[in-house]
Amino acid sequence: MPAASGPEPQMGWHFAVPMLRWCAPDSGALNEALEALILARRAVGPEAHLSNVGGWQSHPDLFDGPAPCIGTLRRHIVSLMRIVMAVPAGGDRTRIEGQLGLTGWANVNRDGDFNRVHDHPGSHWSGVYYVSLGEPDPGTELNGAIEFLDPRPSANMPIPGYRAGSAMSMLPAAGEFILFPSWIQHYVMPFRGRGDRISIAFNAGLKDYRVL
Ligand SMILES: [Fe+2]
């Protein structure tokens, strides 16, 4: 519960949604290796059909393989998860305990493909890593953007000047991670352009998590 207010008016934001974005430095070689791995797997044939309309998705076992690029990606995700897990402990990673379970799958969208509205049941945190943006048509607004729906169901009477009830868009870069709570509904705008737009989605489940 928030602390009592003081003598000065205090403005607070409540029901805020925690999200994290981070661009991995020097991701070029990592992305080349991930792209080769994913496209080789796609060449074998169809696998899963989750949220995609068109496009291709792998089974959610992408992190099970021994490829070094998968190991690098997993290490990045674990590092980011330690950050978001430590927020309830004031950012102190030494005060958190718990086990982390990760699953991941690949998405390849081509011209016209998109992902319908969905969330990630059975998980706590979810995220996307962007391997390649393809060759997007620069004239298409929100091309391939990931959009999050306002999770406040009663926020349908916006206060002037305050945003409510609309989607929040993120236009990612190659090499970028976006982490968000698994319960927030999201979708991916159609990709318009050439080539393959490749991303890796993941779920992170926390077991026996506690703040010391
Ligand atoms: Fe998703």
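In strand E11, Val188 is the bridge partner of Ile146. The strands concerned, E8 (residues 146-148) and E11, pair in the antiparallel sense over 3 bridges. Pairing here requires at least two DSSP bridges between two strands. Helices (H or I, at least four residues) and strands (E, at least two) are DSSP runs, numbered from the N terminus. The model is a predicted one: local features need pLDDT of at least 70, side-chain atom pairs count only at pLDDT 80 or more, and totals for chains, interfaces and linings use all residues. Residues are numbered from 1 along each chain as its sequence is written, and side-chain values use heavy atoms, with hydrogens and water left out.

E8 and E11 belong to an open sheet of 5 strands. The order is E2-E5-E11-E8-E9, and the pairing is antiparallel. Strand E2 (52-53) and strand E9 (168-170) form the edges, each pairing on one side only.

Strand E6 (residues 125-132) has other partners. E6 pairs with E10 in the antiparallel sense over 5 bridges. Within E10, Ile178 stands opposite Val128. E6 also pairs with strand E13 (residues 197-211), again in the antiparallel sense, over 7 bridges. Here Asn203 of E13 stands opposite Ser126. Strand E6 is largely enclosed by the rest of the structure, because 8 of its 8 residues are buried. Buried denotes under 20% relative accessible area, exposed over 50%, and partly exposed the range in between (1.4 Å probe, protein chains only).

The metal site comes next. An iron ion is coordinated by the NE2 atoms of His118, His120 and His186, at 2.1 Å. Donors are N, O and S atoms within 2.8 Å of the metal (3.2 Å for Na, K and Ca); water is not among the atoms, so sites may look incomplete. The donor residues follow the spacing H-x1-H-x65-H in sequence. His118 counts as buried, at 17% relative accessibility. His120 is likewise buried, with a relative accessible area of 7%.

The largest nonpolar core holds 33 residues. Such a core is a set of buried Ala, Val, Leu, Ile, Met, Phe, Trp, Tyr and Cys residues joined through side-chain atoms within 4.5 Å. Leu34, Phe63, Met81, Phe177, Leu179 and Ile200 touch the most other members. H1, H2, E4, E6, E10 and E13 each give two or more residues to this core. The most come from H2, which gives 9 residues.

Charged contacts were examined across the whole structure, and the search finds 8 salt bridges. A salt bridge is a side-chain nitrogen of Lys or Arg within 4 Å of a carboxyl oxygen of Asp or Glu. One of them joins the side chains of Arg21 and Glu176, at 2.9 Å from N to O. This pair links distant parts of the chain, with Arg21 in strand E1 and Glu176 in strand E10 (residues 176-181), 155 residues apart. Arg21 is partly exposed, at a relative accessible area of 38%. Glu176 counts as buried, at 7% relative accessibility.

Arg41 forms a salt bridge with Asp61, and the closest N and O atoms are 2.3 Å apart. Arg41 lies in helix H1 (residues 28-44), whereas Asp61 lies in the loop between strand E3 (56-57) and helix H2 (68-86). The two residues are 20 residues apart in the chain. Asp61 is partly exposed, with a relative accessible area of 30%. A network of salt bridges links Arg41, Glu47 and Asp61.

A further salt bridge brings together the side chains of Arg192 and Asp111 (3.0 Å, N to O). Arg192 sits in the loop between strand E11 (186-188) and strand E12 (193-194). Asp111 sits in the loop between strand E4 (96-109) and strand E5 (114-118), and the pair is 81 residues apart. Both are partly exposed: Arg192 has a relative accessible area of 36%, and Asp111 one of 41%.

Met11 is found in the segment before strand E1 (20-23). Met11 counts as exposed, at 64% relative accessibility.
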